[in-house]
Amino acid sequence: MKNKPTYLIVKDHSVSGEEFQLLYDKEQDMLETVPRPKGEKLSEYYKSEDYISHTDAKRNLFEKVYHLVRRMSLKRKLKLINSFQTEEKTLLDIGCGTGDFLETAKNNNWKVVGVEPSEQARSIANSKTSNVVFDISYLETLKDNSFDVITLWHVLEHLPNLDMQVKLLKRLLKPNGTLVIAVPNFKSYDANHYKNFWAAYDVPRHLWHFSKTSIEKLFHKEQFKLVNTLPMKFDAYYVSLLSEKYKSGFMNPFKAFWIGWRSNLKGNRSKEFSSHIYLLKQEET
C-alpha cells in the first residue's frame with residue numbers, strides 16, 4: 001500500500017456518505033478501495049432499498065431503465081453462452097442476484113446452479129429457478145471440473161480475495177470450459193468524465209476497479225488466457241444516469257444519454273468501454 005498513490009477520493013453516494021480512497025496499483029493497472037470494510041461491516045453497505053441488483057423494484061426512472069436494460073442484456077447474455085461449444089450445458093452463475101439470467105438459461109435447456117450471498121435476493125432467485133440458488137459457502141462443496149461455463153456478471157469487483165477466487169474458478173471450470181467476467185472499466189470515457197461521481201466506482205461495495213490489463217494479469221497467474229473482450233454498451237447509459245444524480249442531485253436523462261453515447265463512440269475507437277465482458281479459457285498444457 002505504501003507505493004500506491006491516491007487516484008481519487010470517492011464518496012459512498014448510495015448508503016453511508018463516507019469517503020474512501022482509490023489507490024492505484026501501477027504494476028497491475030488497477031485501483032483498490034481503501035479502507036476496505038471487513039466481514040459483517042461490509043455487509044452493512046449492501047443494506048439499502050437502493051441496492052438494485054438485490055430487488056425487482058421499479059420505483060423510479062433509474063430502476064425502470066435498469067430493468068429495461070437488463071431484459072435486453074439477458075438476450076445478449078444467452079446468445080453469448082449459446083455460442084460456446086459445451087459438453088453438457090452446465091452453468092454456474094456466481095452472484096446471481098435475483099436470478100433472471102439463471103431463469104433465462106434454465107428455460108433454454110441449461111443445467112444451472114447459482115450462488116448469491118444476499119438472503120433477500122436468493123429468495124427471489126429461488127422462486128424463479130426451482131431452488132437452484134445457494135449461499136456462497138456452497139461453492140466449496142462443488143466437485144472439481146463441474147461446469148462448462150461460469151459467469152460473474154459485475155461480481156468480481158465485490159470479492160475480497162481475488163487470488164483465492166481465481167483458484168476456485170479454475171477448480172470448478174472444466175478444462176475446456178469458458179469463464180465469463182463482466183466488470184466496469186475505470187479507463188472509459190464516462191469514468192473519466194464523471195471522476196469521483198462515477199457511479200460504477202460504487203465504494204465500498206466495489207473493492208477493486210479493473211482495466212483490461214489487470215484482468216489479463218490476474219487470471220494469467222492461474223494459466224487462464226484472455227480470448228476475447230466484448231463491450232457492454234448499455235452500461236454507459238444507466239451508469240451515466242446515476243452519475244448525473246450523484247453529481248447534480250437529480251437525474252438528467254438528456255445529459256446522461258449524451259455522455260453515454262459519447263462514451264460508446266469513443267469506445268469504438270479506443271476499445272475502452274464503460275464495462276467489458278472478458279472471455280477466458282484455461283491455457284493448454
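Me: How many aromatic pairs does a search of the whole structure find?

Reply: The model is a predicted one, and the search of the whole structure finds nine aromatic pairs. One of them joins Phe-20 and Tyr-45, whose ring centres are 6.2 Å apart; because their planes stand at 80°, the pair is edge-to-face.

Me: Which parts of the chain does the pair of Phe-20 and Tyr-45 tie together?

Reply: Phe-20 belongs to strand β2 (residues 19-25), and Tyr-45 to the loop between α1 (39-44) and α2, so the pair ties together parts that are 25 residues apart in sequence. Both Phe-20 and Tyr-45 are buried.

Me: How are the rings of Phe-101 and Trp-153 arranged?

Reply: Their centres lie 5.5 Å apart with the planes at 80°, so this pair is edge-to-face. It links distant parts of the chain, since Phe-101 is in helix α3 and Trp-153 in strand β7 (residues 147-153), 52 residues apart. Phe-101 has a relative accessibility of 5% and therefore counts as buried; Trp-153, at 10%, also counts as buried.

Me: Is His-206 buried or exposed?

Reply: His-206 counts as buried because its relative accessibility is 8%, and the cut-off for buried is under 20%. His-206 sits in the loop between α6 (189-194) and β9 (208-209). Leaving aside residues up to four places away in sequence, His-206 touches Thr-33, Glu-157, His-158, Pro-184, Ala-200 and Tyr-201.

Me: What volume does the second largest pocket have, and which residues are closest to its centre?

Reply: Rolling a probe the size of a water molecule over the atoms shows where empty space is left. Here the second largest pocket has a volume of about 290 Å³. It is lined by 13 residues, of which Arg-76, Pro-231, Met-232, Lys-233 and Ile-277 are the closest to its centre. The elements giving two or more residues to this lining are α2 (61-82), β10 (224-231) and α8 (233-248). By type, the lining has eight nonpolar residues, one polar and four charged.

Key. Residues are numbered from 1 along each chain as its sequence is written. This is a predicted model: local features need pLDDT of at least 70, side-chain atom pairs count only at pLDDT 80 or more; totals for chains, interfaces and linings use all residues. Side-chain values use heavy atoms; hydrogens and water are left out. On a 1 Å grid over the protein atoms alone, a cavity is a set of points where a 1.4 Å probe fits but cannot get out, and a pocket is an open set with protein on both sides within 12 Å along at least five of seven lines; lining residues have an atom within 4 Å of a point. Grid points are joined across faces, edges and corners, and a volume is the space filled by probe spheres set on the points. Helices (H or I, at least four residues) and strands (E, at least two) are DSSP runs, numbered from the N terminus. Ala, Val, Leu, Ile, Met, Phe, Trp, Tyr, Cys and Pro count as nonpolar, Asp, Glu, Lys and Arg as charged, and the others, Gly among them, as polar. Buried means under 20% relative accessible area, exposed over 50%, partly exposed in between (1.4 Å probe, protein chains only). Contact means heavy atoms within 4.5 Å. Rings of Phe, Tyr and Trp (its six-membered ring) pair if their centres lie within 6.5 Å; planes under 30 degrees apart count as stacked, over 60 as edge-to-face and the rest as tilted.
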